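Please consider the protein shown here, whose sequence and three-dimensional structure are given together. The explanation is written for a reader who meets this structure for the first time.

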Amino acid sequence: MARVFSKKPNKLVLHDNLSNTEIVLFFRTPTTKEVAAYTNGMTKRIRNKIVNCTGECRQKYGKRILEGFREGDFAEEVGDKEVFFSSEKGSKIFQEDWKEKVCSNAPDIIEALAIHVFENTASTEDTESPN
């Protein structure tokens with residue numbers, strides 16, 4: 001299958017080890033400037049020291065490209081009940097602040113998205129045969 005240049009959201013399927021469930025995220029393809037800014041933002045110089053900013057960078061850009069999630073993949077505890085919410089505007093359970101809820105309560109998922117999109121976009125195959 002080809003890499004399709006499209007405005008449609010991309011889809012990432014993750015296994016969430018904390019809930020032991022599958023989570024589906026929808027995200028947009030980052031721009032060239034965002035890819036460069038992500039890479040450049042992983043470290044910064046403070047006086048004579050190089051400071052690692054990987055976590056903050058992953059959170060910032062993961063949140064930026066996140067466009068939604070599959071309905072039923074996130075819920076919040078309200079009283080003693082689990083209440084599902086949606087990122088899809090037409091849904092009966094849509095919540096305007098869905099992105100803030102996901103980013104603040106599931107930062108590991110946001111970082112996994114950023115790693116997938118910005119750091120692990122391609123791999124090479126070993127074409128040499130062992131002797």
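The paragraphs below treat the helices, then selected residues of strands and loops, and finally the cysteines.

The structure is a predicted model, in which local features need pLDDT of at least 70 and side-chain atom pairs count only at pLDDT 80 or more, while totals for chains, interfaces and linings use all residues. Residues are numbered from 1 along each chain as its sequence is written, and side-chain values use heavy atoms, with hydrogens and water left out.

The description begins with the helices. Helix α1 covers residues 32-41 and helix α2 covers residues 54-65; the two pack at an angle of about 160 degrees, and their axes lie 9 Å apart. Axes here are lines fitted to C-alpha atoms, for helices over the stretch in contact, and the angles run from 0 to 180 degrees between N-to-C directions. Helices α1 and α2 are therefore roughly antiparallel to each other, given that angles under 35 degrees count as roughly parallel, over 145 as roughly antiparallel, 65 to 115 as roughly perpendicular and the rest as oblique.

Which residues bring α1 and α2 together? On the side of α1 they are Glu 34, Ala 37, Tyr 38 and Gly 41, and on the side of α2 they are Cys 57, Arg 58, Tyr 61, Arg 64 and Ile 65. Contact means heavy atoms within 4.5 Å. By class, this contact holds 5 nonpolar, 1 polar and 3 charged residues. In this scheme Ala, Val, Leu, Ile, Met, Phe, Trp, Tyr, Cys and Pro count as nonpolar, Asp, Glu, Lys and Arg as charged, and the others, Gly among them, as polar.

Helix α1 also packs with helix α4 (residues 107-119), at an angle of about 110 degrees and with the axes 11 Å apart. That angle makes α1 roughly perpendicular to α4. Here, too, α1 passes α4 in a left-handed crossing. Glu 34, Val 35 and Tyr 38 of α1 make the contact with Ala 114, Ile 115, Phe 118 and Glu 119 of α4. These residues divide into 5 nonpolar, no polar and 2 charged.

Glu 34 takes part in the contact with α2 and in the contact with α4. At 9% relative accessibility, Glu 34 counts as buried, where buried means under 20% relative accessible area, exposed over 50%, and partly exposed in between (1.4 Å probe, protein chains only). Apart from neighbours within four places in sequence, Glu 34 is in contact with Arg 28, Tyr 61, Arg 64, Ile 65 and Phe 118.

Leu 12 belongs to strand β1 and is buried, at 6% relative accessibility. Not counting residues up to four places away in sequence, Leu 12 touches Ile 23, Val 24, Leu 25, Phe 27, Ala 112, Leu 113 and His 116. Lys 11 is also placed in strand β1, but Lys 11 is exposed, with a relative accessible area of 57%. With the residues up to four places away again left out, Lys 11 touches Val 24, Leu 25, Phe 26 and Phe 27.

Two loop residues have a positive phi although neither is a glycine. Asn 20, with phi near 55 degrees, lies in the loop between β1 (10-16) and β2 (21-27) and is exposed at 56% relative accessible area. Arg 47, with a phi of about 55 degrees, lies in the loop between β3 (43-46) and β4 (49-52) and is exposed at 75%.

How many disulfides does the model contain? The count comes to 0 disulfides, a disulfide being a pair of cysteine sulfur atoms within 2.5 Å. For Cys 57, the nearest cysteine sulfur is that of Cys 53, 7.9 Å away. Cys 57 is buried, with a relative accessible area of 5%. For Cys 103, the nearest cysteine sulfur is that of Cys 57, 14 Å away. Cys 103 likewise counts as buried, at 9% relative accessibility.

How values were computed
Helix = DSSP H or I, 4+ residues; strand = E, 2+ residues; numbered from the N terminus. Left-handed = near helix turned anticlockwise from the far one by under 90°.
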